[in-house]
Number of protein chains: 2
Amino acid sequence: MADYEKIKQNVTNGPATIADIAKLAGVSPVTVSRAINTPHLVKPRTLEAIERVIAKTGYVPNLLAGGLASRKTRLIAAIVPSVASTIFAETIEGLNAELVSAGYQLLLGLSGYDASRELELTRAILARRPDGIILTGITHLKETRAMLTGAGLPIVEIWDSTPSPLDTAVGFSHAAVGSLVAGHLLIRGYDRYAQIGANDPRAVQRRDGFVDRLKGIAEVELPELEMNSPSTFRDGRVAMAQLLDKGEGSLGVFCSSDVVAHGALAEAHARGCKMPDDLAIIGFGDFDFAPHTHPPLTTVRIDRRDIGTKAARSILRKIDGDENVEAMINIDFHIVARGTA
Amino acid sequence: MADYEKIKQNVTNGPATIADIAKLAGVSPVTVSRAINTPHLVKPRTLEAIERVIAKTGYVPNLLAGGLASRKTRLIAAIVPSVASTIFAETIEGLNAELVSAGYQLLLGLSGYDASRELELTRAILARRPDGIILTGITHLKETRAMLTGAGLPIVEIWDSTPSPLDTAVGFSHAAVGSLVAGHLLIRGYDRYAQIGANDPRAVQRRDGFVDRLKGIAEVELPELEMNSPSTFRDGRVAMAQLLDKGEGSLGVFCSSDVVAHGALAEAHARGCKMPDDLAIIGFGDFDFAPHTHPPLTTVRIDRRDIGTKAARSILRKIDGDENVEAMINIDFHIVARGTA
DNA sequence: CGAAGGAATGGAAGCGCTTTCATTGTATCT
DNA sequence: AGATACAATGAAAGCGCTTCCATTCCTTCG
């Protein structure tokens, strides 16, 4: 009963603290701290008593105080362009699953494909002193880079590849993807080649890889259309209409995402194009709907979740002081040939 | 140069602190704190000097320390079942946009439709002392409820409606959705009615609303299929096959999500069903692809982003001490009639 | 049985801020 | 010029924990 009174009193003074628990359990605050963080250092009987008090009071340790004192927050921050655009959602799930199982929490920032917003987010995130940070892509403002390297925490860049990451990177070469797609189309052979794409750095790299592979073989047509990332179904449809209106002959098209490809496909379908003979379409991402379009979409498949999982593992190893984490971890990709190419 | 030395020295002692900035700017730490948080209380000349030092050193305030001292973290936590399943992604984007513009940050938890994981997440989140918390749905373990109400912070439950929220709720009645859909099918009139659905609380409510509306008119068939949330394209396809194999006559089907409906649609399409005469399919969510299926999918539309926006506004108002926040904020929904019903 | 050594616990200091209250500076008024 | 008021700044305490070091308690061994 006396216990109960004290607990009740605490409620009025805000949440219970480690000192309250210590008093109720008849030990010192340090012992409570140990019971929570390093229980093997506490005698079983004492431990049990403390745990009982914690359960009874519903005590939840204050990680702000803990983090401040220990300089470890068990927080990992991740900045991705968007979460609504499918492409990064699974990466986040993979990341989160891995982090949670290691006792970490994910702090998410959405940059909207905007470098200066990435900078602001980085600042706001660093203010919370995460134990590590994950960024999407390898192109950042120089202020962002400076701030990041100055903060001296593990960094993982995801969804791209580079020989010189800020710290560690997990991804793949977008130029290689573009090149692979061009090769695939080349085997069949088309009169014209085109690319429909957004303007984010990675989509641009894929386009460049595509164009490079076709250099000297064919000119790659690029619809004149302002397509801001994330690009939409409509973008794809409009761009495809433009392409189809503009010229004759069979056409091989590489789209910067499956969503865009789906739009392009819809336009082609409406016009009765024969795929893949008159027209080939290759998307990117292998989204859920890709096998179910008409005809089913040929696309580039990447294990999006795996990027998250591997990024999490890398950063956790770094946090644990492992010096042997590879600077560049490559993720596989391949073409899933279905009905459109 | 002396400045530079001191800064450099700091780097070796970990990141600069407010005391370092104060020393370099020739003021006391309190003044630096004010320059950052309440600049109008600082004389312009002093302010400028401090800002110059901050810029030069790249100082980033430690929000752990700040939060500990002020008992305000400028953190809002949100627990959603998943981020990969489209349905909540836009809600998160809306939430995030609104929070960021108010100077708050979003801490995301993924429960995977699992109540006990929700409890663990709640504990972990509360340990960071967020200024508010957002939960998906209105069914929680009683330990979760107890912990939440004991923490004494603003709570918003989203994606469902209830006369008695924990604190505030933003959503709609899933039973009403089910009923609306049944009404829509009833006007056309089918020989058989069925529901294909996942087992999460909200999908179940939609089913019950659907069944209730048809009570006394028709028996609702429910495919015998274990469908765990989030349900998949494949679930829908298999369930539809079962339904089609099992009986004769025209069929009206309500699916628990557009993804499931898409799968059901694929099966129906493959069998050459005439829609919407022989078979009607109504989905839920109005996902991006819904207008582009064959035939285009009839579905229930909800402004998913708006739920996030309104939830953020509610919680921010609560934090600001506004007592007049409505306990239940209703979100509109309606049927988008396209080709499948 | 006393010494030695490890297990278990506690005291004190400090993490980097904000809050409260006190002090100093500066302008305004009579 | 002195009183008054407010603007601007600073000193001290404390937020709730962890870390470091010291102390106490057992157990074990010669």
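1. Helices (H or I, at least four residues) and strands (E, at least two) are DSSP runs here, numbered from the N terminus. This is a predicted model, with pLDDT of at least 70 needed for local features and 80 or more for side-chain atom pairs, while totals for chains, interfaces and linings use all residues. Side-chain values use heavy atoms, without hydrogens or water; residues count from 1 along each chain as written, with chains lettered from A and ligands numbered from 1 in written order.

2. The open sheet in chain A has four strands, ordered β7-β6-β8-β9 with parallel pairing (at least two DSSP bridges per pair). β7 (220-221) and β9 (279-282) of chain A are the edges. Two bridges link β6 (192-196) to β7(A), and Ala194(A) sits opposite Glu221(A).

3. Helix α11 (233-246) of chain A touches β6, β7, β8 (251-255) and β9 of chain A (contact: heavy atoms within 4.5 Å), and makes about 160 degrees with β6(A). Helix α12 (258-270) of chain A lies across β6, β8 and β9 of chain A, at about 160 degrees to β9(A). Angles run from 0 to 180 degrees between N-to-C directions of lines fitted to C-alpha atoms.

4. Of chain B's contact residues, 100% recur in chain A.

5. Among the 23 residues around DNA strand C, Thr31(A), Thr46(A), Ser33(B), Asn37(B) and Tyr59(B) come nearest. Polar side-chain atoms lie 2.6 Å from a phosphate oxygen of DNA strand C for Thr31(A) and 2.5 Å for Thr46(A).

Note on methods
A residue is near a molecule or strand if one of its heavy atoms lies within 4 Å of it. A polar contact is a pair of N or O atoms within 3.5 Å; within protein, one must be able to donate a hydrogen and the other to accept it, and residues adjacent in sequence count only if both atoms are side-chain atoms.
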